[in-house]
Amino acid sequence: MESLIFVLQKEDKARSYPDGLILQHWRMMNKIEIYLDNAATSAIDPRVLEAMLSCQDMKAMNASSAHRLGVTAAKAVEKARAVIAREIHSEPQEIIFTSGGTESNNLVIKGIAFANRARGKHIITSKIEHSSVMETTKWLKKQGFEITYLPVDGEGFVSPKDVEKAIKRETILVSIIHANNEIGTIEPIDEIGAICKSKRVYFHSDACQSFTRTGINVKSQSLDLMSLNAHKIHGPKGVGALYVRNGVKIEPLLHGGGQEGGLRSGTHNTEGIVGFGKAAEIAEAGDIKRMAELRDHFIQKIQSCIKGVDLNGPRVKRLCNNINLNFKSVNGQSLARELNEKNIYVSTGSACLSTKVMPSYVLLAIGLEPERVQEAVRISLSRWTTMEELDFAVQKLMKIVQRNRGIG
């Protein structure tokens, strides 16, 4: 709070304010925004932007070119590849750069399906996958593939036993999200990976939300494929990666110049890849610990200040920055809209579906009644979220909820 007091004094606003009102007065003066939708996307870290801008010195930056500038760009790409590989304990050559998580998920599911259909046409996934997995598997079903959608329990966990029971001779792929983008559930991929390995079935996990936020070791977790992206971890939009274990048989979606080992043709997004590598490099364990503490503080405070607030998803084995709440008798979209008017930004579910008026299939899958699904709001933190911001958001939420419930 000292910096706020200093600025107030500097701007000749040196009146005496109780500590709890300093932040509120500061925001009224400056209309500062509180961004709590980091699961949708996160702001680029200045260190990432600096690394990306340094690429401009390379001028012509096609990493496939044989001249000196092309070689310099290629070295920058390979450096980022090595950083990302180290983060998940893979080999650098097993990292394939893409345009983001959606492309990575499409490449995995379609690529495995078409490359291995002579062996079988059965794919197993869950009912709470990201929309890019759900829509891709629905499309494959129309192409004659058999898709099994596994149920989850009331906290969003997939049962490894259910995975094992669902695997049959024709099964070629199991795809289970690592951490759910709406309710933050961290799935037991260690156990699922061990089962898939013993059954000789490819195992893929979408780790776009969990990358750098919880431990990933593709070797010890028996992962064959894993989807990653940059913009959830303070990196740039439009760049992602796919881990493909050496020896995995996969068909490319894009054909052309043969970049990325022939699995993803197209000119490299050098600036984006460099930014992705830098974002992974600067991720720190301290950020995870701090976000988890802020997450728990917010949940505790809002449930103590407002009656009828339920947490969706688990209290433990949950992403450090994810909070998904139900406010009884209050419409979630209305709540998000009123917060938006106060420059506090949250969402009512996945950003990929937020523009569509439909109930969250994730919340329905964990057993919520449709009317309760409509009461949900997702709040997601970043490394820059502060305690003061969250406390301020709680104050505003209390007033909005009371007004919507006709209290006060």
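Okay, let's start with a lysine sitting on a ring: Lys110 lies over the face of Trp139, 4.9 Å from the ring centre. Before I go on, please keep in mind that this is a predicted model.

So who else is around that tryptophan? Trp139 belongs to a cluster, joined by ring pairs to Phe114 and Phe145. How many aromatic pairs does the structure have? The count comes to 3. Let me show you one of them. The ring centres of Phe114 and Phe145 are 5.9 Å apart and the planes meet at 85 degrees, so we call this pair edge-to-face. The label follows because planes over 60 degrees apart count as edge-to-face.

Now look at where those two residues come from. Phe114 is in helix α5, residues 101-116, while Phe145 is in the loop between α6 (131-142) and β4 (146-150). They are 31 residues apart, and the pair links distant parts of the chain. Is each one buried or partly exposed? Phe114 has a relative accessibility of 26%, so it counts as partly exposed. Phe145 has 4%, so that one counts as buried. If you wonder why, buried means under 20%.

Here's another edge-to-face pair: Phe211 and Phe276, with ring centres 6.1 Å apart and planes at 80 degrees. Phe211 lies in the loop between β6 (202-206) and β7 (225-229), and Phe276 lies in helix α9, residues 270-282, so the pair ties together parts 65 residues apart in sequence. What about accessibility here? Phe211 is buried at 0%, and Phe276 is buried at 0% too.

While we're on rings, there's also an arginine to point at. The charged end of Arg119 sits over the ring of Tyr202, 5.6 Å from its centre.

Okay, let's zoom out for a moment. The chain has 14 helices and 12 strands. Of its 408 residues, 55% count as buried. And if you take the contacts with a separation of 6 or more, 73% of them are between residues 24 or more positions apart.

Let's take α10, residues 285-305. How far does this helix reach? Its 21 residues span 30 Å from the first C-alpha to the last, close to the 30 Å expected at 1.5 Å a residue. Which residues of α10 are buried? They are Asp287, Met291, Ala292, Leu294, Arg295, Phe298, Ile299 and Ile302. These cover an arc of only 165 degrees around the axis, which puts them on the same side of α10. Turn to the other side and you find Ala285, Lys289 and Ser304 exposed.

And what do the buried residues of α10 pack against? The partners are α9, β9 (309-311), β10 (322-327), β12 (376-380) and α14 (387-404).

Next up is α8, residues 189-199, where the buried residues are Ile189, Ile192, Gly193, Ile195 and Cys196. Looking down the axis of α8, these fall within an arc of 160 degrees, so they line one face of the helix. On the other side, Lys197 and Ser198 are exposed. The buried residues of α8 pack against α7, β5 (171-175), β6 and β7. Just after α8, have a look at Arg200, which takes a positive phi of about 60 degrees.

Asp162 is in helix α7, residues 160-166. This aspartate is partly exposed, with a relative accessible area of 27%. What does Asp162 touch, leaving out residues up to four places away in sequence? Leu150 and Pro151. The C-alpha atoms of Asp162 and Leu150 are separated by 7.2 Å, and these residues are 12 apart along the chain.

Last topic: cysteines. A quick reminder: a disulfide is a covalent bond between the sulfur atoms of two cysteines. How many does a search of the whole structure find? The search gives 0 disulfides.

Methods:
Residues are numbered from 1 along each chain as its sequence is written. This is a predicted model: local features need pLDDT of at least 70, side-chain atom pairs count only at pLDDT 80 or more; totals for chains, interfaces and linings use all residues. Side-chain values use heavy atoms; hydrogens and water are left out. Rings of Phe, Tyr and Trp (its six-membered ring) pair if their centres lie within 6.5 Å; planes under 30 degrees apart count as stacked, over 60 as edge-to-face and the rest as tilted. Helices (H or I, at least four residues) and strands (E, at least two) are DSSP runs, numbered from the N terminus. Buried means under 20% relative accessible area, exposed over 50%, partly exposed in between (1.4 Å probe, protein chains only). A charge sits over a ring if NZ of Lys or CZ of Arg is within 6 Å of the ring centre and within 35 degrees of the ring normal. A disulfide is a pair of cysteine sulfur atoms within 2.5 Å. The expected span of a helix is 1.5 Å times one less than its number of residues. The arc is that of the directions from the helix axis to the C-beta atoms. Contact means heavy atoms within 4.5 Å.
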